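Please keep the structure open beside you as you read.

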Amino acid sequence: MLDKSARPTPVNVPNDLAAHWMPFTANRAFKENPRLLAGAKDMHYFTVDGRKIIDGASGMWCTNAGHGRIEISSAIAKQAEALDYAPPFQFGIPQAFELASRIAELAPAGLDHVFFCNSGSEAADTALKIALAYHQINGQGSRIRLIGRERGYHGVGFGGTSVGGIVGNRKLFGSLLTGVDHLPATYDREKQAFSKGEPEHGAHFADELERLVNLHGANTIAAVIVEPMAGSTGVLPAPKGYLKRLREITQKHGILLIFDEVITGYGRLGFAFAAERYGVVPDMLTFAKGITNGAAPMGGVLVRDTIHDAFMSGPDYAVELAHGYTYSAHPLACAAGLATLDIYRDEKLFERARELEPKFADAVMSLRKEADVVDIRTVGLTAGIDLAPTADAPGKRGFAGLNSAFHDNDLMVRVAGDTLVLTPPLIITEDQIGEIIDKVAKVIRATA
């Protein structure tokens, strides 16, 4: 059906784009052919020239409840008028305690304490620091090693970059942190190709942790951090049994297990947190993105009682953990978070994602017939579509797909190398799923 809704008024564009050094962006190519946005509502962005772009990426895994939610913007405005900022060190605001309680209620039992920060990167570094400090407090100061995973992403702080395993994110920054090792990635295309949900093959990848324990000694390892679904690398769902096996091995050796749920939290996989989907309770769980629907920066770490309580010793006037941020539990972010949780609850968006998952998976898998598609992976309302790379130019086809989607097909997707990634808002309809898949098919053909 032809969209006859009113188009936004075109927006004035600066005549000089040079001053802004954009993050994770091919700056020269962008400024030659910009992808500029001016507005957003529900499932769509609006460009500066008034075009309507369907959002197949939830912005950047953030806007699970769709764009332009008046409930959230009104809550932010009301809070800004009442209290624009309060110092989070030695002072507090009621909304921070309310939000922490509500997040803890959503989390698996035992993860009852929330440490707030401002992003997934800060959440990862916070969790790693808490892990190291916890072992120090418990008299196990030799536990200083951190273990991540190849193709993992844990933000851009020095800690998160060190345990992360995406080569392009690491190679310019020297040796990073010492004492870091990596598990192998969980992906084996030969045995997992075109998997819906968690692949049957791959639980054995967790056993590599035993090898690292044998290599370094269990008494040197503080924590293992993994994503239940590795999103930024192109959507690699955890194989069946993999996370439970990691939990068994870490518990056996006294190693803390951290789930990075910055992407998977708040409904992306059909549950408040992926830990619930997989029946595995980590020692810490990081979150960000969906907690405020992207409307304000916020992140945090859910922490087990036993870890939190270990810090609550010594004089009661002394700071227990020398860590935090100027904008931790910012009043505007707390207001956005509370309003966002109301939407998730009232509109049952986590349940909606669970119901739509099989229909979304079937729709995406219909693209396997397209030329140059070498694999598709789906889990929750997320999909990765691998395109065969152009000879001697890895990533060029994916970048062409990004441009074709935006400029020629009125579609926003994410790309990871030559992988097209779909992560639509949880409010998506079945018709809109079909619309996105039709557009992606055109994008794939345009990159051939």
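Two strands are said to pair if DSSP finds at least two bridges between them. Helices (H or I, at least four residues) and strands (E, at least two) are DSSP runs, numbered from the N terminus. With that in hand, E3 and strand E16 (residues 411–412) pair in the parallel sense over two bridges, and Asp55 stands opposite Met412 in E16.

A word on the source: this is a predicted model, in which local features need pLDDT of at least 70 and side-chain atom pairs count only at pLDDT 80 or more, while totals for chains, interfaces and linings use all residues. Residues are numbered from 1 along each chain as its sequence is written, and side-chain values use heavy atoms, with hydrogens and water left out.

**Overall picture**

The protein has 16 helices and 18 strands. Its radius of gyration (taken over C-alpha atoms) is 22 Å, close to the 22 Å that the globule rule (2.2 Å times the number of residues to the power 0.38) gives for 448 residues, so the protein is as compact as a globular protein of that length. Along the principal axes, the C-alpha atoms fill a box of roughly 65 × 55 × 45 Å.

**The seven-stranded sheet**

Seven strands make an open sheet with mixed pairing, in the order E4-E13-E12-E11-E8-E5-E6. Strand E4 (111–117) and strand E6 (180–183) are at the edges with a single partner strand each, so one side of each is left without a neighbour in the sheet. From one strand to the next, the twist averages 20 degrees. Within this sheet, strand E8 (residues 221–226) and strand E11 (residues 256–260) pair in the parallel sense over four bridges; the bridge partner of Ile225 is Ile258 in E11.

Helices cover this sheet too. Contact here means heavy atoms within 4.5 Å, and axes are lines fitted to C-alpha atoms, for helices over the stretch in contact, with angles that run from 0 to 180 degrees between N-to-C directions. Helix H4 (residues 94–106) packs on the sheet and touches E4, strand E12 (284–287) and strand E13 (299–304), its direction making about 130 degrees with that of E4. Helix H5 (residues 120–137) lies across E4, strand E5 (145–149), E8, E11, E12 and E13, and runs at about 160 degrees to E12.

E17 and strand E18 (residues 419–422) run antiparallel and are joined by three bridges, with Val421 in E18 as the bridge partner of Arg414.

Strand E2 (residues 44–47) and strand E3 (residues 52–55) pair in the antiparallel sense over three bridges, and Phe46 stands opposite Lys52 in E3. Their hairpin has four residues between the strands, and Gly50 takes a positive phi near 90 degrees there.

**Helix against helix**

Two packed helices are described by the angle between their axes and the distance between the axes. A crossing is left-handed if the near helix is turned anticlockwise from the far one by less than a right angle, and right-handed if clockwise.

| Helix pair | Angle | Axis distance |
|---|---|---|
| H14 and H16 | about 20 degrees | 10 Å |
| H15 and H16 | roughly 125 degrees | within 9 Å |
| H4 and H13 | roughly 35 degrees | within 9 Å |

How do these contacts look in detail? H14 passes H16 in a right-handed crossing. Leu356, Lys359, Phe360, Ala363 and Val364 in H14 meet Glu430, Ile433 and Ile437 in H16. By class (Ala, Val, Leu, Ile, Met, Phe, Trp, Tyr, Cys and Pro count as nonpolar, Asp, Glu, Lys and Arg as charged, and the others, Gly among them, as polar), this contact has six nonpolar, no polar and two charged residues.

The crossing of H15 and H16 is right-handed as well. Gly401, Ser404, Ala405 and Asn409 in H15 meet Lys439, Lys442, Val443 and Ala446 in H16, a contact of three nonpolar, three polar and two charged residues.

H4, by contrast, passes H13 in a left-handed crossing. The residues of that contact divide into seven nonpolar, two polar and four charged.
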